[in-house]
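Hi,

Here is the structure I promised to pass on. Please load it before reading my notes below.

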Amino acid sequence: MRIVLDTDPGIDDALAILYLAAQADVEIVAVGSVHGNVPAQVAADNSRRILDVLGLDGVPVAVGAARPLAQPLLTSEFVHGPHGLGRWEGPEPSRPAVRESAAEQIVQLARQHPGELDLLALGPLTNVALALLLEPELPSLLRSVMVMGGAVDAPGNATPFAEANIWHDPEAADLVFAAGFELTLVALDVTHSARADADWLDTLAASTGPRGKFAHDVLGFYVDFYSRMLGERCCTLYDPLAAAILLHPDLATYRELPVSVELRGEKTRGQTVADLRGYGKEISAELGGITDRPAIKVARTVDGPEFFKQL
Ligand code: BDR
Ligand code: CA
């Protein structure tokens with residue numbers, strides 16, 4: 001599988017990259033950074049630092065959008081640490097980012113390899129929306145798009161209603177969900193299955209290899225945040241779950257739903273909205289409120305133990 005990654009590392013993003021890099025049948029073709037957990041430039045630096053640790057210094061990294069489409073930049077260093085990789089103090093990146101923007105990189109690669117690439121989006125969808133504006137045929141040029149984001153049938157995390165990646169750029173997410181991509185959404189509906197518990201964290205702490213040690217060092221800050229928030233030693237590995245479902249679609253069950261994003265709600269901006277009434281198309285349309293955009297695949301259940309085995 002040939003994957004283009006769009007990411008805002010970010011601690012769970014770092015774990016997702018580690019996970020992908022460990023798969024023999026995965027090629028990380030390129031990485032684009034996006035604002036979100038940290039500013040886009042910092043996310044690009046972190047992407048290169050992580051790839052350096054993994055010996056993947058040939059993978060091109062492009063700097064992505066510096067801010068959302070229609071709101072000011074907001075970042076989440078309180079979750080991911082002052083530089084986005086917890087308390088890890090590894091070396092600076094060994095090489096510069098490429099000249100194109102992350103959106104341009106997506107478009108160029110998709111045109112060069114039509115129908116061959118899977119895009120894994122682990123941050124706000126600003127770059128994907130910009131790529132779509134540059135190349136309206138993008139949905140037919142990419143094989144699939146896997147998005148970690150949203151809370152279709154669950155409470156939010158950034159706000160009571162909005163999940164962080166969507167909340168960081170609601171307009172971009174709405175464009176992407178309407179575009180007709182072969183898109184799968186791994187939303188907060190299922191990420192409780194990706195909560196690492198104390199036993200798993202202890203196992204990781206005991207690992208002596210360079211990757212395990214790196215993962216443990218990076219995770220500490222994030223575990224402290226989640227442990228304070230949830231009252232037990234744990235953390236949620238959102239982005240690795242989306243990566244794992246991309247590689248192993250059988251880890252999840254799905255439902256097909258048109259999903260839109262609340263853009264104007266005073267309290268609910270950034271909420272992912274789908275018609276969950278289950279009345280069927282005809283009655284729903286008669287009653288009103290169903291969107292006419294294409295359905296996307298929304299993960300409904302996940303085999304958590306199998307996910308952790310993979311990870
Ligand atoms: C998402 O937001 C970020 O904090 C994480 O990296 C993940 O992509 C979870 O809501
Ligand atoms: Ca992320």
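Here are my notes on the sheet and some of its helices.

This is a predicted model: local features need pLDDT of at least 70, side-chain atom pairs count only at pLDDT 80 or more, and totals for chains, interfaces and linings use all residues. Residues are numbered from 1 along each chain as its sequence is written, and chains are lettered from A and ligands numbered from 1 in the order written.

**Sheet.** Eight strands make an open, mixed sheet, ordered β3-β2-β1-β4-β5-β6-β12-β9. Strands are DSSP E runs of at least two residues, helices H or I runs of at least four, both numbered from the N terminus. Pairing takes at least two DSSP bridges. β3 and β9 (252-257) are the edges, each pairing on one side only. β5 (144-148) and β6 (183-186) run parallel, joined by four bridges. M146 has T184 of β6 as its bridge partner.

**Helix α4 (102-112).** Its buried residues (20 or more other C-beta atoms within 10 Å of their own, C-beta placed from the backbone) are A102, A103, Q105, I106, V107, L109 and A110. Their cover includes β1, β2, β3, β4, α5 and α6. Contact means C-beta atoms, placed from the backbone, within 7 Å.

**Helices α9 (198-205) and α10 (210-230).** They pack at about 140 degrees, axes 9 Å apart. Axes are lines fitted to C-alpha atoms over the stretch in contact, and angles run from 0 to 180 degrees between N-to-C directions. L201, L204 and A205 of α9 meet G212, A215, H216 and V223 of α10.

Best wishes

Notes: A residue is buried if 20 or more other C-beta atoms lie within 10 Å of its own, exposed if 12 or fewer, and partly exposed in between; C-beta atoms are placed from the backbone. Two residues are in contact if their C-beta atoms, placed from the backbone, lie within 7 Å.
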